[in-house]
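Welcome! Here is a short briefing to read alongside the structure.

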Amino acid sequence: MKKLKSKYLVIPSITAAISLILLLIFNFTTKPSADKLYINFQKDLNSKKVSEVYVTNTPKIKVELKDGTIYETDNPRTDSFKESLLDMGVKVSEQSYVSAKDVIPSAIFTVSILAIAVMLIKSSGLASRKILSVDALDTSIVEEIGYNFKSVAGNEEAKESVKDIVDFLKNPEKYNNYGARMPKGIILYGEPGTGKTLLAKAVAGEAGVPFYAMSGSDFVQVYVGVGASRIRQLFKKAKSHGKAVIFIDEIDAIGKKRENAKAGGSDERDQTLNALLTEMSGFNEKEGIVIIAATNRLDMLDPALLRPGRFDRHVEITLPDITAREKILNLHLKNKPIGNININDWAHKTAYFSGAKLENLINEAAIIACKENSSLIEDEHIDKAFSIVMAGYEKIHRDHIKSSDKDITAYHEAGHALISLNILPNEKISKVTIIPSTKGAGGYTLSIPQDQMYQNKDYIRKRLMVLLGGRAAEEIIFGKDYITTGAYSDIKHATGLITNMVAQYGMGKSLGLLNAGELANNLNYSIGKEVVEECKEMLNELYEETKSILLKNNDLLEKLTKELLEKETLFENDINNLQVLSK
Ligand code: ADP
Ligand code: ZN
């Protein structure tokens, strides 16, 4: 930054100094000879030495002699003064005398001072934000840091989904020979501290390519155009190395969905986003440049970013489940002197901890052990650290850590899973988890066995029941008054599905085979009460049916829940085993 300031300040500083010196010189050299008595002026007039007189309304007037000397004398202020001068053949100017010698240096001086002031104001505002220069870009090269997939514990699915990127970065030609188009951009999304940055570094480290990291918020500047130019600089710098991983944290800062597209929004952000998209389409697959972006919320991003050829691979990074937590704890304890620590136990106790928090926990424990002059880190140190970390955490995420919440989530997810097992036995459940994701509290994943072109009415009803399974389980276990907001997105989803059945697909009674959309277009029809009533009734019936299935299979519900609380994530095998056991 210093370099930059001096470079641009040198020019106006020099001109200012020179003009100041000139001003002083001229002032001192011209002033002394400046005054003459009026009689002496008259003598000059009579001897025809005067070439011009500057007659102004001031007490003094300037006189220029034929030999070039200039002096001042008293203004006689007579009406005939000008006339008498003209009669004697003297030029009369009614403007005040200005000499180039006086004006030019002062003009230069003023301009220079202004330039310095503008530069100072600008650079003080911008300097702290590290703009204007490529050198200021906060990029680091990962080869020196040495991250690889071993630095990332857990997150197996995420690692799996970026493995081919590593391979591609190593040999882009290979993929090119097959005509394969690798994603230029990958979005890692998930809660803060789950290791998104870490994974991006690991990709670069595994592939042995430089890692350029910036945060989206670095691009959002007060000055329009700065963000865009920083994007261009970042890409230029990365490209100068050939292959590279470019990491943009907090991509939502520049790529957030425009709330009101027509009203314009922020010009600066649009320009920055456009620059990014342009840069991304500006290099081709052969180059071996991959852009990895991270965000907490995928659904907040502008769809323009997610289109094919841009950030078209989306990888979710979830909070670690119990197995992953154990791995992360192990990893961070690896190079530390540890005593008798029950790591498995700590993995149990740290539900909903992110990787960053686990790392923090171990670090706090190490500090405590050190303060106590203990030669090893012991269980008690982690215990103390746990209280500290929890105290800080509880304030922010109190609702996350209550164990009753864990129970609710477990029953809720078990409810979904059980209904699915029961009424859609052909649909595999690949995963059920109580670890929250960005999409909601817990989560269960269905993988549909075969692609169906059409969904029949029976299937939609069953899907609706699976959606209602979570809320139904909550009600059965905790009672009507203790149902929670956890079913929010299920209910939203179910409402969408059932209104489509009745109003779009011709599967209901009130509209029969009519389509509400067309009715609205052609007949100005607006959805009537009877449609809402019908949807409500249908859902209620399905809900009762769902509850009765859960009640009938209470045993399995309890088992699933217990297992979920124990393992936090259940995969297909776990679920099948449980089901077999309960039969
Ligand atoms: P994010 O980018 O998702 O906010 P980071 O990658 O910055 O998270 O993670 C912060 C720190 O937390 C990492 O440097 C690392 O020490 C620790 N961490 C997070 N996730 C993991 C993980 N899966 N394995 C090991 N350490 C992790
Ligand atoms: Zn649910």
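The notes below cover two ligand sites and then a few single residues.

This is a predicted model, in which local features need pLDDT of at least 70, side-chain atom pairs count only at pLDDT 80 or more, and totals for chains, interfaces and linings use all residues. Residues are numbered from 1 along each chain as its sequence is written, chains are lettered from A and ligands numbered from 1 in the order in which they are written, and side-chain values use heavy atoms, with hydrogens and water left out.

**Around ligand 1**

- Ligand 1 is surrounded by 17 residues, where a residue counts as near if one of its heavy atoms lies within 4 Å.
- The closest of these are Ala-153, Gly-193, Lys-196, Thr-197 and His-332.
- By type, the shell around ligand 1 holds seven nonpolar, eight polar and two charged residues. Here Ala, Val, Leu, Ile, Met, Phe, Trp, Tyr, Cys and Pro count as nonpolar, Asp, Glu, Lys and Arg as charged, and the others, Gly among them, as polar.
- Three helices, α7 (196-207), α13 (322-333) and α15 (355-371), each give at least two residues to this shell. Helices (H or I, at least four residues) and strands (E, at least two) are DSSP runs, numbered from the N terminus.
- Domain 2 (149-316) and domain 3 (322-391) each contribute at least three residues to the shell; the domain bounds come from an automatic or database domain assignment.

**Polar contacts to ligand 1**

- A polar side-chain atom of Thr-197 sits 2.5 Å from an oxygen atom of ligand 1.
- Backbone N or O atoms also approach oxygen atoms of ligand 1: one from Gly-193 at 2.8 Å, and one from Leu-198 at 2.9 Å.
- On its own, ligand 1 exposes 560 Å², and the protein buries 80% of that. Accessible areas come from the Shrake-Rupley method with a 1.4 Å probe; for residues, only the protein chains shown count as cover.

**The zinc ion (ligand 2)**

- Which residues coordinate the zinc ion? They are His-412 (NE2), His-416 (NE2) and Asp-490 (OD), at 2.0 Å. Donors are N, O and S atoms within 2.8 Å of the metal (3.2 Å for Na, K and Ca); water is not among the atoms, so sites may look incomplete.
- Along the sequence, the zinc donors follow the spacing H-x3-H-x73-D.
- His-412 belongs to helix α17 (residues 403-423) and Asp-490 to helix α19 (residues 488-503), so the pair ties together parts that are 78 residues apart in sequence.
- Both His-412 and Asp-490 are buried, a word that means under 20% relative accessible area, with exposed over 50% and partly exposed in between (1.4 Å probe, protein chains only).
- The side chain of His-412 also makes a polar contact with the side chain of Glu-474 (2.6 Å). A polar contact is a pair of N or O atoms within 3.5 Å; within protein, one must be able to donate a hydrogen and the other to accept it, and residues adjacent in sequence count only if both atoms are side-chain atoms.

**Other buried residues**

- Ser-420 is placed in helix α17 and is buried, with a relative accessible area of 0%. Its C-alpha atom is separated by 8.4 Å from that of Gly-469, 49 residues apart along the chain.
- Met-182, in the loop between α6 (172-177) and β5 (185-189), is buried at 6% relative accessible area.

**Two loop residues with positive phi**

- Most residues other than glycine have a negative phi.
- Lys-48, which is not a glycine, has a positive phi of about 60 degrees. Lys-48 lies in the loop between α2 (38-46) and β1 (50-54) and is exposed, at 54% relative accessibility.
- Asn-373, also not a glycine, has a positive phi of about 55 degrees. Asn-373 is in the loop between α15 and α16 (379-401) and is exposed, at 70% relative accessibility.
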